[in-house]
Amino acid sequence: MPEIRLENVSKVYKTEDKRKQYAVRDLSLKVSQGEFVFLIGSSGAGKSTMLKLMGGEISPDEGMVLVDDVNIGRYFGPWKARLARTFGIVSQETLLIRKRTIMENLMVAARASGLQRKSRPAAEKALGLVGLPTVGDAYPAQLSIGEVRRVELARALISSPPILLLDELTANLDDDTIWDVLHLLRELNNRGTTIIMATHASQYVNIMRQRVVTLVDGRLFGDVRNGRYGDIV
């Protein structure tokens with residue numbers, strides 16, 4: 001099963017005055033299959049960049065990202081498509097197509113994952129998992145922000161990937177829905193799915209008591225098993 005390793009990974013962006021600015025710097029971290037990791041830190045700490053590096057959406061400028069000891073920066077063509085099926089990703093930016101219904105959006109994602117003939121059953125199952133079995137005929141604009149986030153989780157779950165990378169999934173969700181989502185994620189994790197979740201929801205991190213990885217200014221500042229929000233040792 002997939003294991004992710006970051007080895008001395010850095011990602012650099014250029015500012016408007018062409019100076020280099022590190023989004024993440026010299027990160028080394030290993031996440032084994034079946035772990036549940038909360039990724040925390042203030043806005044701009046590098047959480048989103050770290051998730052994108054792990055999922056192969058962007059490549060590091062220094063160091064390596066390895067999935068099962070393979071440097072994913074060398075993936076291309078069909079290998080890149082195969083890598084994409086390893087991850088279910090929920091970004092902060094919505095990936096839903098506004099002019100397609102929720103069902104059409106999910107069926108597109110299912111077909112892209114290789115579920116050609118089973119795209120509709122897979123979409124219906126995913127919507128049921130996130131508690132939205134009746135929204136298939138709606139368009140994204142007709143849903144609340146919280147419902148859209150849950151649909152995006154359904155999209156990430158469509159092919160039952162071994163790893164979920166979730167960027168602020170619980171933002172704009174009410175407390176009851178957050179609990180429902182976290183209960184689902186815990187069930188998935190208990191079945192072996194790796195979950196790496198960037199969040200500011202401190203009270204839920206404290207209750208869940210999973211591994212807590214803290215970033216400060218793009219650097220690894222804390223890595224605590226059974227941790228609480230803000231733990232660094």
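Me: In E7, which residue is the bridge partner of glycine 88?
Reply: This is a predicted model, in which local features need pLDDT of at least 70 and side-chain atom pairs count only at pLDDT 80 or more, whereas totals for chains, interfaces and linings use all residues. Residues are numbered from 1 along each chain as its sequence is written, and side-chain values use heavy atoms, with hydrogens and water left out. Strands (DSSP runs of E, at least two residues) and helices (H or I, at least four) are numbered from the N terminus, and four bridges join the parallel strands E6 and E7. In E7, glycine 88 has as its bridge partner leucine 164.

Me: What angle does the direction of H1 make with that of E7?
Reply: H1 packs on the sheet and touches E3, E6, E7, E8 and strand E9 (211–216), contact meaning heavy atoms within 4.5 Å. Axes are lines fitted to C-alpha atoms, for helices over the stretch in contact, and angles run from 0 to 180 degrees between N-to-C directions. For H1 and E7, the angle is about 155 degrees.

Me: Which strands are the edge strands of the six-stranded open sheet?
Reply: Two strands pair if DSSP finds at least two bridges between them. The pairing in this sheet is mixed, and the order is E6-E7-E8-E3-E9-E10. The strands that pair on one side only are E6 and E10 (219–224).

Me: How many residues of strand E8 are buried?
Reply: Buried means under 20% relative accessible area, exposed over 50%, and partly exposed in between, with a 1.4 Å probe and protein chains only. One side of E8 (residues 194–198) has Thr194, Ile196 and Ala198, the other has Ile195 and Met197, and both faces are covered. The number of buried residues in E8 is five of five.

Me: Why is one side of E2 and of E5 left without a neighbour in the sheet?
Reply: These strands belong to an open, antiparallel sheet of four strands with the order E2-E1-E4-E5. Strands E2 (20–31) and E5 (70–71) stand at the edges, so one side of each is left without a neighbour, each having a single partner strand.

Me: Which element gives the most residues to the lining of the largest cavity?
Reply: A cavity is a set of points on a 1 Å grid over the protein atoms alone where a 1.4 Å probe fits but cannot get out, and its lining residues have an atom within 4 Å of a point. The largest holds about 60 Å³, a volume being the space filled by probe spheres set on points joined across faces, edges and corners. Its lining includes Ser48, Leu51, Lys52, Ile89, Val90, Leu165 and Asp167, and the elements giving two or more residues are H1, strand E6 (87–90) and E7. With three residues, the element that gives the most is H1.

Conventions:
1 Å grid on protein atoms, 1.4 Å probe; cavity = no way out; pocket = protein on both sides within 12 Å on 5 of 7 lines; lining within 4 Å.
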